[in-house]
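Hi,

Here's the structure I promised to pass on.

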Amino acid sequence: MPLRRALYTESPSEPALDTPAEVSIPFPAVKQAIDRAYEKPVLLLDADIIRTKCRRFHAAMPRVHPHYAVKANPDPRVLRTLIEEGCGFEIASISELDLLLSLGVPAAEIYYSNPMKSRAFLQVAAARGVEWYVVDSLEELAKVVSVKADAKLYVRIDAPNVGSDWPLSGKFGAHPSEADDIIAEAARLGADLAGVTFHVGSQCRNPENWRVGIESAKRLMRKMRLMGLNPRLLNLGGGYPVQHTKAIPSIEAIGAVITRALEDLPPSVRVMAEPGRFLVSDAGWFVCRVVGTATRAGKRWAYLDAGMFGGIIETVEGLEYNVLTDRQGAPTSWCVAGPTCDSVDIVMRDQLLPEDLVADDFVYIPNAGAYTTAYASQFNGFPLPEVRFIS
Ligand SMILES: *Cc1c(COP(=O)(O)O)cnc(C)c1O
(Lines give C-alpha, C1' and ligand atoms only; values in the text may rest on other atoms or scores of the structure.)
Protein backbone atom coordinates (compact mmCIF):
# COMPACT_ATOMS: atom_id res chain seq x y z
CA MET A 1 0.00 0.00 0.00
CA PRO A 2 1.47 3.36 -0.91
CA LEU A 3 1.71 5.98 1.82
CA ARG A 4 -1.72 7.54 1.76
CA ARG A 5 -1.43 11.31 1.42
CA ALA A 6 -4.71 11.58 3.29
CA LEU A 7 -2.90 10.66 6.49
CA TYR A 8 -1.48 14.10 6.72
CA THR A 9 -4.29 16.31 5.50
CA GLU A 10 -7.08 18.07 7.23
CA SER A 11 -10.25 16.19 8.02
CA PRO A 12 -13.18 18.22 6.64
CA SER A 13 -15.50 16.77 9.27
CA GLU A 14 -13.60 18.45 12.11
CA PRO A 15 -13.08 22.03 10.90
CA ALA A 16 -12.11 23.33 14.35
CA LEU A 17 -8.95 21.29 14.20
CA ASP A 18 -6.09 22.92 12.43
CA THR A 19 -4.17 19.81 11.48
CA PRO A 20 -0.77 20.72 10.08
CA ALA A 21 1.39 18.78 7.68
CA GLU A 22 3.38 16.65 10.10
CA VAL A 23 6.95 15.59 9.56
CA SER A 24 7.89 11.95 9.18
CA ILE A 25 10.69 9.83 7.72
CA PRO A 26 9.62 9.23 4.06
CA PHE A 27 8.21 5.73 3.55
CA PRO A 28 10.76 4.75 0.84
CA ALA A 29 13.60 5.57 3.27
CA VAL A 30 11.98 3.36 5.90
CA LYS A 31 11.69 0.47 3.44
CA GLN A 32 15.30 0.89 2.37
CA ALA A 33 16.51 0.76 5.96
CA ILE A 34 14.47 -2.38 6.63
CA ASP A 35 15.61 -4.07 3.40
CA ARG A 36 19.21 -3.58 4.50
CA ALA A 37 18.71 -5.36 7.83
CA TYR A 38 15.88 -6.82 9.86
CA GLU A 39 16.37 -9.21 12.77
CA LYS A 40 13.56 -8.22 15.10
CA PRO A 41 11.00 -5.43 15.52
CA VAL A 42 12.67 -2.08 15.08
CA LEU A 43 11.93 1.52 15.89
CA LEU A 44 13.56 3.64 13.19
CA LEU A 45 14.26 7.13 14.48
CA ASP A 46 15.41 10.34 12.87
CA ALA A 47 17.06 12.73 15.33
CA ASP A 48 16.57 15.65 12.93
CA ILE A 49 12.82 15.27 13.31
CA ILE A 50 13.16 15.41 17.10
CA ARG A 51 15.10 18.66 16.64
CA THR A 52 12.44 20.04 14.31
CA LYS A 53 9.65 19.20 16.75
CA CYS A 54 11.57 20.79 19.61
CA ARG A 55 12.08 24.03 17.70
CA ARG A 56 8.48 24.06 16.55
CA PHE A 57 7.27 23.63 20.14
CA HIS A 58 9.42 26.49 21.30
CA ALA A 59 8.36 28.77 18.43
CA ALA A 60 4.68 28.03 19.13
CA MET A 61 4.93 29.22 22.76
CA PRO A 62 8.12 31.26 23.26
CA ARG A 63 7.60 31.80 26.99
CA VAL A 64 7.32 28.08 27.75
CA HIS A 65 10.48 26.10 28.46
CA PRO A 66 10.14 22.41 27.46
CA HIS A 67 11.12 19.72 29.96
CA TYR A 68 10.90 16.39 28.12
CA ALA A 69 8.98 13.57 29.86
CA VAL A 70 11.61 10.83 29.81
CA LYS A 71 9.09 7.99 29.97
CA ALA A 72 7.90 8.63 26.38
CA ASN A 73 11.19 7.32 25.01
CA PRO A 74 14.23 7.03 27.29
CA ASP A 75 16.74 6.04 24.60
CA PRO A 76 20.02 7.83 25.40
CA ARG A 77 20.37 9.09 21.82
CA VAL A 78 16.92 10.65 22.04
CA LEU A 79 17.91 12.29 25.32
CA ARG A 80 21.21 13.53 23.90
CA THR A 81 19.41 15.15 20.97
CA LEU A 82 17.05 16.92 23.36
CA ILE A 83 19.95 18.06 25.55
CA GLU A 84 21.57 19.59 22.47
CA GLU A 85 18.30 21.41 21.76
CA GLY A 86 18.33 22.93 25.23
CA CYS A 87 15.47 20.91 26.75
CA GLY A 88 15.12 20.28 30.44
CA PHE A 89 13.59 17.06 31.75
CA GLU A 90 10.80 15.59 33.87
CA ILE A 91 11.26 12.27 35.67
CA ALA A 92 9.34 9.68 37.66
CA SER A 93 12.11 7.45 39.02
CA ILE A 94 15.75 7.20 40.03
CA SER A 95 16.74 5.21 36.90
CA GLU A 96 15.49 8.09 34.79
CA LEU A 97 17.37 10.54 37.00
CA ASP A 98 20.63 8.58 36.85
CA LEU A 99 20.38 8.21 33.08
CA LEU A 100 20.08 12.00 32.72
CA LEU A 101 22.90 12.69 35.18
CA SER A 102 25.14 10.25 33.29
CA LEU A 103 24.49 12.31 30.16
CA GLY A 104 25.57 15.47 31.95
CA VAL A 105 22.20 17.08 32.63
CA PRO A 106 22.44 19.36 35.69
CA ALA A 107 20.19 18.14 38.53
CA ALA A 108 18.62 21.61 38.70
CA GLU A 109 17.17 21.10 35.20
CA ILE A 110 15.40 17.90 36.27
CA TYR A 111 11.90 18.15 37.75
CA TYR A 112 10.51 15.28 39.81
CA SER A 113 6.93 15.34 38.52
CA ASN A 114 5.68 11.96 39.73
CA PRO A 115 3.09 12.74 42.43
CA MET A 116 3.90 9.49 44.30
CA LYS A 117 7.56 9.21 45.27
CA SER A 118 8.93 6.58 47.65
CA ARG A 119 10.93 7.86 50.61
CA ALA A 120 13.95 5.94 49.29
CA PHE A 121 13.69 7.59 45.85
CA LEU A 122 13.25 11.02 47.48
CA GLN A 123 16.39 10.53 49.54
CA VAL A 124 18.43 9.59 46.46
CA ALA A 125 17.02 12.47 44.39
CA ALA A 126 17.74 14.96 47.19
CA ALA A 127 21.29 13.62 47.58
CA ARG A 128 21.86 13.96 43.81
CA GLY A 129 20.77 17.61 43.90
CA VAL A 130 17.23 17.58 42.48
CA GLU A 131 15.55 20.80 43.65
CA TRP A 132 11.97 20.65 42.37
CA TYR A 133 9.31 18.13 43.49
CA VAL A 134 5.61 17.86 42.77
CA VAL A 135 3.03 17.22 45.51
CA ASP A 136 -0.70 16.63 45.18
CA SER A 137 -1.72 15.55 48.68
CA LEU A 138 -1.05 16.54 52.29
CA GLU A 139 0.68 13.19 52.82
CA GLU A 140 3.10 13.72 49.92
CA LEU A 141 3.81 17.27 51.11
CA ALA A 142 4.75 15.94 54.56
CA LYS A 143 6.85 13.13 53.05
CA VAL A 144 8.86 15.38 50.72
CA VAL A 145 9.45 18.02 53.38
CA SER A 146 10.55 15.37 55.90
CA VAL A 147 13.28 14.24 53.47
CA LYS A 148 14.24 17.66 52.11
CA ALA A 149 13.04 20.63 54.18
CA ASP A 150 14.18 23.19 51.57
CA ALA A 151 12.64 21.41 48.56
CA LYS A 152 11.02 23.67 45.96
CA LEU A 153 7.51 22.32 45.58
CA TYR A 154 4.77 22.63 42.98
CA VAL A 155 1.25 21.47 43.58
CA ARG A 156 -0.44 19.36 40.92
CA ILE A 157 -4.07 20.25 40.51
CA ASP A 158 -6.80 18.30 38.82
CA ALA A 159 -7.35 19.71 35.32
CA PRO A 160 -10.01 19.00 32.73
CA ASN A 161 -9.15 16.03 30.49
CA VAL A 162 -12.00 16.58 28.01
CA GLY A 163 -10.96 15.36 24.58
CA SER A 164 -7.80 13.56 25.67
CA ASP A 165 -7.17 10.04 24.47
CA TRP A 166 -5.71 9.22 27.91
CA PRO A 167 -7.81 10.98 30.54
CA LEU A 168 -5.78 11.00 33.74
CA SER A 169 -8.33 12.67 36.01
CA GLY A 170 -8.81 10.64 39.08
CA LYS A 171 -5.38 9.10 39.52
CA PHE A 172 -3.53 12.33 40.29
CA GLY A 173 -4.19 15.97 41.03
CA ALA A 174 -5.54 17.89 44.04
CA HIS A 175 -9.14 19.06 43.81
CA PRO A 176 -9.76 22.74 44.68
CA SER A 177 -10.43 22.32 48.42
CA GLU A 178 -7.50 19.87 48.72
CA ALA A 179 -5.22 22.37 46.97
CA ASP A 180 -6.32 25.02 49.50
CA ASP A 181 -5.42 22.63 52.34
CA ILE A 182 -2.01 21.94 50.78
CA ILE A 183 -1.30 25.68 50.49
CA ALA A 184 -2.32 26.31 54.10
CA GLU A 185 -0.22 23.40 55.37
CA ALA A 186 2.83 24.47 53.33
CA ALA A 187 2.53 27.98 54.77
CA ARG A 188 2.22 26.55 58.30
CA LEU A 189 5.31 24.33 57.80
CA GLY A 190 7.32 27.13 56.22
CA ALA A 191 7.72 24.91 53.12
CA ASP A 192 8.66 26.53 49.80
CA LEU A 193 5.50 25.76 47.85
CA ALA A 194 6.52 27.69 44.77
CA GLY A 195 4.44 26.57 41.83
CA VAL A 196 1.43 24.93 40.25
CA THR A 197 1.17 22.19 37.62
CA PHE A 198 -1.54 20.20 35.85
CA HIS A 199 -1.72 17.54 33.15
CA VAL A 200 -4.51 17.72 30.60
CA GLY A 201 -4.20 14.03 29.64
CA SER A 202 -2.07 12.51 26.91
CA GLN A 203 -2.81 13.11 23.21
CA CYS A 204 -5.10 16.00 24.18
CA ARG A 205 -7.02 17.30 21.19
CA ASN A 206 -8.80 20.14 23.00
CA PRO A 207 -6.68 23.31 23.53
CA GLU A 208 -9.32 24.69 25.94
CA ASN A 209 -8.01 22.28 28.59
CA TRP A 210 -4.76 24.21 28.81
CA ARG A 211 -6.58 27.53 29.08
CA VAL A 212 -8.78 26.25 31.91
CA GLY A 213 -5.75 24.72 33.65
CA ILE A 214 -3.80 27.99 33.40
CA GLU A 215 -6.73 30.02 34.78
CA SER A 216 -7.02 27.65 37.76
CA ALA A 217 -3.27 27.85 38.31
CA LYS A 218 -3.32 31.66 38.26
CA ARG A 219 -6.12 31.69 40.86
CA LEU A 220 -4.15 29.33 43.06
CA MET A 221 -1.00 31.44 42.76
CA ARG A 222 -2.93 34.48 43.98
CA LYS A 223 -4.03 32.47 47.02
CA MET A 224 -0.45 31.34 47.58
CA ARG A 225 0.74 34.95 47.63
CA LEU A 226 -1.98 35.86 50.13
CA MET A 227 -0.74 33.05 52.37
CA GLY A 228 2.79 34.44 52.30
CA LEU A 229 4.18 31.91 49.81
CA ASN A 230 6.33 32.89 46.83
CA PRO A 231 4.87 31.27 43.68
CA ARG A 232 7.30 31.47 40.76
CA LEU A 233 6.70 28.35 38.61
CA LEU A 234 3.85 27.44 36.30
CA ASN A 235 4.24 23.96 34.81
CA LEU A 236 1.81 23.24 31.97
CA GLY A 237 2.50 19.49 31.95
CA GLY A 238 2.28 17.29 28.84
CA GLY A 239 -0.44 16.10 26.50
CA TYR A 240 0.48 17.90 23.22
CA PRO A 241 -0.88 15.64 20.47
CA VAL A 242 0.54 14.09 17.32
CA GLN A 243 -1.30 12.94 14.26
CA HIS A 244 -2.43 9.37 13.76
CA THR A 245 -5.86 8.69 12.28
CA LYS A 246 -7.73 11.61 13.88
CA ALA A 247 -7.33 15.31 13.15
CA ILE A 248 -5.48 17.26 15.84
CA PRO A 249 -5.02 20.92 16.65
CA SER A 250 -1.56 22.07 15.56
CA ILE A 251 0.99 22.99 18.22
CA GLU A 252 0.73 26.54 16.84
CA ALA A 253 -3.01 26.59 17.60
CA ILE A 254 -2.40 25.23 21.11
CA GLY A 255 0.50 27.66 21.58
CA ALA A 256 -1.73 30.61 20.65
CA VAL A 257 -4.28 29.62 23.31
CA ILE A 258 -1.54 29.16 25.90
CA THR A 259 0.28 32.39 25.03
CA ARG A 260 -2.94 34.37 25.34
CA ALA A 261 -3.74 32.78 28.71
CA LEU A 262 -0.25 33.69 29.97
CA GLU A 263 -0.52 37.38 29.03
CA ASP A 264 -1.37 38.63 32.54
CA LEU A 265 1.06 36.33 34.34
CA PRO A 266 3.82 38.26 36.15
CA PRO A 267 7.17 37.98 34.31
CA SER A 268 8.74 36.66 37.51
CA VAL A 269 6.89 33.36 37.03
CA ARG A 270 8.90 30.77 35.08
CA VAL A 271 6.68 28.84 32.67
CA MET A 272 7.60 25.31 31.65
CA ALA A 273 5.85 22.35 30.02
CA GLU A 274 6.49 18.63 29.95
CA PRO A 275 5.95 17.42 26.37
CA GLY A 276 6.71 13.74 25.83
CA ARG A 277 4.79 12.33 22.88
CA PHE A 278 4.93 15.58 20.87
CA LEU A 279 8.73 15.70 20.73
CA VAL A 280 9.47 12.09 19.74
CA SER A 281 6.43 10.38 18.26
CA ASP A 282 6.72 11.70 14.70
CA ALA A 283 10.45 10.94 14.64
CA GLY A 284 9.93 7.18 14.52
CA TRP A 285 8.43 4.36 12.47
CA PHE A 286 7.78 1.11 14.26
CA VAL A 287 8.38 -1.79 11.90
CA CYS A 288 7.52 -5.40 12.61
CA ARG A 289 6.68 -8.51 10.67
CA VAL A 290 3.80 -10.92 10.21
CA VAL A 291 4.65 -14.25 11.87
CA GLY A 292 1.55 -15.98 10.54
CA THR A 293 -2.09 -15.56 9.56
CA ALA A 294 -5.22 -17.59 10.23
CA THR A 295 -8.99 -17.53 9.76
CA ARG A 296 -10.98 -18.11 12.93
CA ALA A 297 -14.78 -18.09 12.92
CA GLY A 298 -14.68 -16.27 9.60
CA LYS A 299 -12.40 -13.50 10.92
CA ARG A 300 -8.91 -12.90 9.54
CA TRP A 301 -6.12 -12.89 12.15
CA ALA A 302 -2.56 -11.64 11.72
CA TYR A 303 0.07 -12.44 14.35
CA LEU A 304 2.98 -10.01 14.43
CA ASP A 305 6.42 -10.43 15.98
CA ALA A 306 5.58 -7.48 18.29
CA GLY A 307 2.35 -7.14 20.23
CA MET A 308 1.41 -5.44 23.48
CA PHE A 309 4.53 -6.73 25.24
CA GLY A 310 6.73 -5.78 22.28
CA GLY A 311 5.86 -2.11 21.88
CA ILE A 312 2.39 -1.95 20.30
CA ILE A 313 0.41 -1.29 23.46
CA GLU A 314 -1.31 2.07 23.24
CA THR A 315 -3.86 0.59 20.80
CA VAL A 316 -5.16 -1.46 23.72
CA GLU A 317 -6.28 1.81 25.32
CA GLY A 318 -7.88 3.01 22.10
CA LEU A 319 -5.13 4.79 20.14
CA GLU A 320 -5.51 4.11 16.42
CA TYR A 321 -2.34 3.89 14.37
CA ASN A 322 -2.06 4.10 10.61
CA VAL A 323 -0.71 0.73 9.52
CA LEU A 324 1.02 0.34 6.16
CA THR A 325 2.21 -2.75 4.31
CA ASP A 326 3.74 -3.55 0.90
CA ARG A 327 0.58 -5.32 -0.33
CA GLN A 328 -1.97 -3.86 -2.75
CA GLY A 329 -4.94 -6.15 -1.93
CA ALA A 330 -8.38 -4.81 -1.04
CA PRO A 331 -8.58 -3.55 2.56
CA THR A 332 -10.35 -5.96 4.86
CA SER A 333 -10.89 -6.16 8.61
CA TRP A 334 -8.24 -8.04 10.57
CA CYS A 335 -7.66 -8.94 14.20
CA VAL A 336 -4.02 -8.19 14.92
CA ALA A 337 -2.25 -9.98 17.76
CA GLY A 338 1.23 -10.29 19.21
CA PRO A 339 3.41 -13.40 19.16
CA THR A 340 3.07 -14.38 22.84
CA CYS A 341 0.77 -17.05 24.24
CA ASP A 342 -1.05 -14.60 26.52
CA SER A 343 -4.68 -14.21 25.48
CA VAL A 344 -4.54 -10.50 26.36
CA ASP A 345 -1.95 -9.93 23.62
CA ILE A 346 -4.38 -8.66 20.96
CA VAL A 347 -3.54 -5.15 19.76
CA MET A 348 -6.09 -4.28 17.06
CA ARG A 349 -9.54 -5.84 16.81
CA ASP A 350 -10.81 -4.29 13.60
CA GLN A 351 -7.87 -3.06 11.57
CA LEU A 352 -8.16 -2.53 7.82
CA LEU A 353 -5.26 -4.30 6.12
CA PRO A 354 -4.83 -5.74 2.62
CA GLU A 355 -6.62 -9.08 2.20
CA ASP A 356 -3.48 -10.67 0.70
CA LEU A 357 -1.26 -10.07 3.75
CA VAL A 358 0.83 -13.19 4.50
CA ALA A 359 3.57 -14.45 6.85
CA ASP A 360 6.91 -12.61 6.54
CA ASP A 361 5.28 -9.38 5.26
CA PHE A 362 6.41 -6.22 6.96
CA VAL A 363 4.03 -3.93 8.82
CA TYR A 364 4.98 -0.25 9.10
CA ILE A 365 3.55 2.17 11.69
CA PRO A 366 4.41 5.87 11.29
CA ASN A 367 4.61 8.39 14.16
CA ALA A 368 5.36 5.68 16.71
CA GLY A 369 8.46 7.07 18.42
CA ALA A 370 6.68 7.58 21.75
CA TYR A 371 5.31 4.99 24.18
CA THR A 372 6.33 1.99 22.07
CA THR A 373 9.83 0.69 22.84
CA ALA A 374 9.58 2.38 26.26
CA TYR A 375 6.92 -0.16 27.27
CA ALA A 376 8.42 -3.30 25.74
CA SER A 377 9.40 -6.33 27.85
CA GLN A 378 10.88 -9.72 27.03
CA PHE A 379 7.76 -11.55 28.16
CA ASN A 380 7.59 -15.11 26.85
CA GLY A 381 11.15 -14.88 25.54
CA PHE A 382 10.58 -12.49 22.66
CA PRO A 383 13.36 -9.95 22.12
CA LEU A 384 13.09 -6.25 22.89
CA PRO A 385 12.71 -4.13 19.74
CA GLU A 386 15.84 -2.59 18.31
CA VAL A 387 16.11 1.21 18.32
CA ARG A 388 17.92 2.30 15.14
CA PHE A 389 18.73 5.86 14.08
CA ILE A 390 18.80 6.73 10.40
CA SER A 391 20.26 10.16 11.19
C1 LIG B 1 3.68 11.29 31.01
C2 LIG B 1 3.82 12.64 31.57
C3 LIG B 1 4.07 13.73 30.72
C4 LIG B 1 4.14 13.60 29.21
O5 LIG B 1 2.89 13.41 28.63
P6 LIG B 1 2.74 13.42 27.03
O7 LIG B 1 1.31 13.11 26.85
O8 LIG B 1 3.65 12.38 26.49
O9 LIG B 1 3.11 14.77 26.57
C10 LIG B 1 4.26 14.96 31.30
N11 LIG B 1 4.19 15.14 32.63
C12 LIG B 1 3.94 14.13 33.48
C13 LIG B 1 3.90 14.38 34.94
C14 LIG B 1 3.74 12.84 32.98
O15 LIG B 1 3.49 11.84 33.81
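Predicted model: local features only at pLDDT ≥ 70, side-chain atom pairs only at ≥ 80, totals over all residues.

Strand 2 (residues 64-69) and strand 11 (residues 270-273) run parallel, and three bridges join them. Both belong to a closed barrel of eight strands, which you can follow in the order 2-3-4-5-6-8-10-11, with parallel pairing. On average, neighbouring strands of this sheet are turned by 30 degrees against each other, if you ignore direction.

Next, the helices. Helix 8 (residues 208-226) lies across strand 6 (152-156), strand 8 (192-197) and strand 10 (233-235), and runs at about 165 degrees to strand 8.

Helix 1 (residues 27-36) has Phe27, Val30, Ala33 and Ile34 buried. These four sit on the same side of helix 1 because they cover an arc of only 125 degrees around the axis. What do the buried residues of helix 1 pack against? Their partners are strand 1 (42-45), strand 12 (284-296), strand 16 (362-365) and strand 17 (386-389). Turned away from that buried side is a face with the exposed residues Pro28, Gln32, Asp35 and Arg36.

Finally, a helix pair. Helix 2 (residues 47-60) packs with helix 3 (residues 76-84) at an angle of about 40 degrees, and their axes are 10 Å apart. That angle makes helix 2 oblique to helix 3, and their crossing is right-handed. Where they meet, helix 2 brings Ala47, Ile50, Arg51 and Cys54, while helix 3 brings Val78, Thr81, Leu82 and Glu84.

Cheers

Technical notes. Residues numbered from 1 in each chain as written. Heavy atoms only, no water. Buried < 20%, exposed > 50% of the residue type's maximum accessible area, 1.4 Å probe, protein only. Helix = DSSP H or I, 4+ residues; strand = E, 2+ residues; numbered from the N terminus. Arc of directions from axis to C-beta. Contact = heavy atoms within 4.5 Å. Pairing = 2+ DSSP bridges. Axes fitted to C-alpha atoms, helices over the stretch in contact; angles between N-to-C directions. Parallel < 35°, antiparallel > 145°, perpendicular 65-115°, else oblique. Left-handed = near helix turned anticlockwise from the far one by under 90°.
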